[in-house]
Amino acid sequence: MTAEIISGTEIRKTILAEIKADVEKMRAKHGKVPGLATILVGKNPASVSYVTLKVKTALSVGFNEIQDDQPEDISEADLLALIDKYNNDPDIHGILVQLPLPKHIDEKKVINAINPDKDVDAFHPANVGSLMINCDEAKFLPCTPAGIQEMIVRSGTQTSGAEVVVVGRSNIVGKPIAMMLAQKSVCANATVTIVHTKTKDLAAHCKRADILVVAAGVPDLVKPEWIKPGATVIDVGVNRVGMNEATGRAILKGDVDFDAAKEIAGKITPVPGGVGPMTIAMLMKNTLRAAQYALGDLI
């Protein structure tokens, strides 16, 4: 039987509709809406495209959005001063500095300069620490892992007691999603193993997973014989493997051999249209939460 497709595109629509409704409630109650400042340094094409989509999405749900474009050669001191300005602006609830930054700027300094209460990417050490202690009490969850958890839960996949294997140990995806699913909390309570490309007998670890999250950045790494029949497979990989000459668009592949895997898995995410659309949706959710905390609707 072919697996049920978990569509990030469709789940994203639902989440954004929920956010938009909450924004209207906020406007009616407080006369305010969430404010998001997006800082883009330079003109990296991928960053420009991504920031443009973030801005468009923020406006679509009713946020006050400020896109603050800065030149490639902005000094580190000036960028930190700009962040400080938004830290002290009561109408800005979320600050996002698009990464990567030019080599002359220390990314760690920039991340640490953002007020943790406005760190809607959830990269600040204070927010990472909150996630490690108890994600139910964390103000913000990192966007891609939060999107993964939403997809697992909204697809009806049982997490409590489940064997989860996470392929990949990055600070952005692998480590946080492992911690989130291992927590003693709602939508978690799983037994989690982190593996990676240097793990011995990687296939055997994957084969026992009820939920397999693959974020290794290696196209078609996970073969169909590595998948437990009926498992839920979340493919985080977005790998460019060529160019479609007819459309001029990149050909994308995930970290899982999708066509073969979908005949074994119970549920699976596609690439594209799976995890990718969820990341920006969760960024919007974090910005809404930042505003709710600032206005006293959340404590």
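Colleague: In which sense do strand β8 and strand β11 pair, and over how many bridges?

Modeller: This is a predicted model, to be clear from the start. In it, β8 (residues 232-235) and β11 (residues 267-268) pair in the parallel sense, over two bridges.

Colleague: What is the bridge partner of V233 in β11?

Modeller: That is I268.

Colleague: What order do the strands of that open sheet come in?

Modeller: The order is β1-β11-β8-β7-β5-β6. That makes six strands, with parallel pairing.

Colleague: Which are the edge strands?

Modeller: β1 (4-5) and β6. Each of them pairs on one side only.

Colleague: Which strands does helix α7 lie across?

Modeller: Helix α7 (residues 174-182) lies across β5 (163-167), β6 and β7 (211-214). Relative to β6, α7 runs at about 165 degrees.

Colleague: How many bridges join β2 to β4?

Modeller: Four bridges. The two strands run parallel, and β2 covers residues 35-41.

Colleague: Which residues in β4 do L36 and A37 stand opposite?

Modeller: L36 stands opposite G94. A37 stands opposite I95.

Colleague: And the faces of β4, covered or open?

Modeller: Both faces of β4 (residues 94-97) are covered. G94 and L96 are on one side, I95 and V97 on the other, and all are buried.

Colleague: Where is D106?

Modeller: D106 is in the loop between β4 and α4 (107-113) too.

Colleague: Is D106 buried or partly exposed?

Modeller: Partly exposed. The relative accessible area of D106 is 33%.

Colleague: How far apart are D106 and L283?

Modeller: In sequence, 177 residues. In space, D106 and L283 are 23 Å apart, C-alpha to C-alpha.

Colleague: Now phi. What is the value at C187?

Modeller: Near 70 degrees. That is a positive value in a residue other than glycine. C187 is found in the loop between α7 and β6. At 31% relative accessibility, C187 counts as partly exposed.

Colleague: What about phi at D201?

Modeller: Phi of D201 is positive, about 50 degrees, although D201 is not a glycine. D201 is in the loop between β6 and α8.

Colleague: Is D201 buried or exposed?

Modeller: Exposed, with a relative accessible area of 54%.

Colleague: And T199, where is that?

Modeller: T199 is in the loop between β6 (191-195) and α8 (202-207).

Colleague: Buried or exposed?

Modeller: T199 is buried, at 18% relative accessible area. The cut-off for buried is under 20%.

Colleague: What does the side chain of T199 reach?

Modeller: The backbone nitrogen of H196, at 2.8 Å.

Colleague: Last topic, helices. At what angle do α1 and α6 pack?

Modeller: About 100 degrees. The axes of α1 (residues 8-30) and α6 (residues 143-154) are 11 Å apart.

Colleague: Which residues meet in the contact?

Modeller: From α1, G8, I11, T14, I15 and E18. They meet E150, M151 and R154 in α6.

Colleague: How do the residues of that contact divide by type?

Modeller: The contact of α1 with α6 has three nonpolar, two polar and three charged residues.

Note on methods. Residues are numbered from 1 along each chain as its sequence is written. This is a predicted model: local features need pLDDT of at least 70, side-chain atom pairs count only at pLDDT 80 or more; totals for chains, interfaces and linings use all residues. Side-chain values use heavy atoms; hydrogens and water are left out. Axes are lines fitted to C-alpha atoms, for helices over the stretch in contact, and angles run from 0 to 180 degrees between N-to-C directions. Contact means heavy atoms within 4.5 Å. Ala, Val, Leu, Ile, Met, Phe, Trp, Tyr, Cys and Pro count as nonpolar, Asp, Glu, Lys and Arg as charged, and the others, Gly among them, as polar. Buried means under 20% relative accessible area, exposed over 50%, partly exposed in between (1.4 Å probe, protein chains only). A polar contact is a pair of N or O atoms within 3.5 Å; within protein, one must be able to donate a hydrogen and the other to accept it, and residues adjacent in sequence count only if both atoms are side-chain atoms. Two strands pair if DSSP finds at least two bridges between them.
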